[in-house]
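Please read it alongside the sequence and the coordinates.

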Amino acid sequence: MERAEVHRILLVHNYYQTPGGEDTVVANEKKLLEERGHEVFLYTRDNGELMRMGKLKKLLLPFTALFSLRTYREVCGIIRAKRIDIVHVHNTLALVSPSVYFAAFRRGVPVVQTLHNFRLECPGATFYRDGRVCEDCLTRGLKCAVRHRCYRGSRAQTLMQASILHLYRALGVYRRLNYICLTEFNREKLLLLNRPGRRQVVDPDRVFVKPNFTFENAAPRGEADYFLFLGRVEALKGLDVLIDAFRGLPDEKLMIAGSGPDFQAYAARAKGADNISFAGQLGREEVKAALAAAKAVIAPSQWYEGFPMVVVEAYAAGVPVLGSDLGNIGALIEDGRTGLRFRYDSAEDLRAAVRRFLSADARLWGQNARDLYRARYSPGANGAALEEIYRRAAGSGRGAGRSS
């Protein structure tokens, strides 16, 4: 790749009030791009600002979430002053707003948008409602989300999100963007927006596939002692299935590491099961240590997951993964090589997967996992793929649409 074409990159990210995996991805990509010789600039907003807003600004939020004049002016200024070649957007909700796209269009700079979730298709961003997977917004329209209050349980806030999607689809804005989908599964869902006989919402030739990555920073493997759940403690992550499964596996230890809105409820649910422990939220070094002593990571998600970083982090540590057969968890697991898939809503099937794993060559599966990480999810593999996407976006933007 000719670095001069994309030497100056503007990363744009709107932080949520609760830190999450998207923030890590932005930091990792910034570090990676700089290590590869690019000059990288950041434009960020933080939804923590919402807590400090006066009443008038809060009243105007639905309008500024639709189009922020501040973002437009500031990003135009950065592009001009820093001679930006590529604007790479991660999240725009709610303060950055889609006005960042118009700033880039105004300055003639291509936009790459990483899709960390399903927000372009679903105002709730998860394809999940009432304890089940739901794709009504794709098949029956955005009005379904408003009816069911899919964004934060609020009809007004859901209407705001649905209105943003409807407007920018109608204006053809989304068709002008270049997209990074984190998996082929996500790419297929995005392209379902292009319904036969209707105006194209996204250009398939501008949709690329590139997974996230993590830096290899694992502790040496120790004696495997337990199975590990690592993530937010909430129903969406399959804690019901997980706890019920291990109640039937009294000889196998389970460590649940993480925090979340349902922590106390699940701690109570597991009461009396001496083989299940709750470690709470772990720091980075504690996560490394927990992975080093784990037999396998278990990821029983009940939704598609945008990109389950826990799988990649486990692979980087040489740890196999047992995961639900739903969406992206199942897509990242090579069944019988790097782990096992089980029926996402079945505690009995998870128990069977654990027993099968215990009779397998766990050391070989761990090596397979590490090999897969290095081939697909390492910084080197990721950096080359990202640069190729930038090259296509900076050119005609009409490449083959598939990069891995």
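Arg 149 sits in the loop between α6 (143-148) and α7 (155-170); helices (H or I, at least four residues) and strands (E, at least two) are DSSP runs numbered from the N terminus. The model is predicted, with local features requiring pLDDT of at least 70, side-chain atom pairs counting only at pLDDT 80 or more, and totals for chains, interfaces and linings using all residues. Residues are numbered from 1 along each chain as its sequence is written, and side-chain values use heavy atoms, without hydrogens and water.

**Backbone geometry**
- Most residues other than glycine have a negative phi, and most peptide bonds are trans.
- Arg 149 has a positive phi, near 55°, and counts as partly exposed because its relative accessibility is 38% (buried is under 20% relative accessible area, exposed over 50%, partly exposed in between; 1.4 Å probe, protein chains only).
- Glu 305, also not a glycine, has a positive phi of about 65°.
- Glu 305 lies in the loop between β12 (294-299) and α12 and counts as buried, at 7% relative accessibility.
- The peptide bond joining Leu 93 and Ala 94 is cis, with omega about 5°.
- Ala 94 belongs to the loop between β3 (86-91) and α4 (99-106).

**Helix α15**
- The 16 residues of α15 (residues 362-377) should span 22 Å, and the 21 Å between its end C-alpha atoms agrees; the expected span is 1.5 Å times one less than the number of residues.
- Buried residues of α15 include Trp 365, Asn 368, Arg 370, Leu 372 and Tyr 377.
- Among the elements covering the buried residues of α15 are α12 (309-316), β14 (339-342) and α16 (379-394), where contact means heavy atoms within 4.5 Å.
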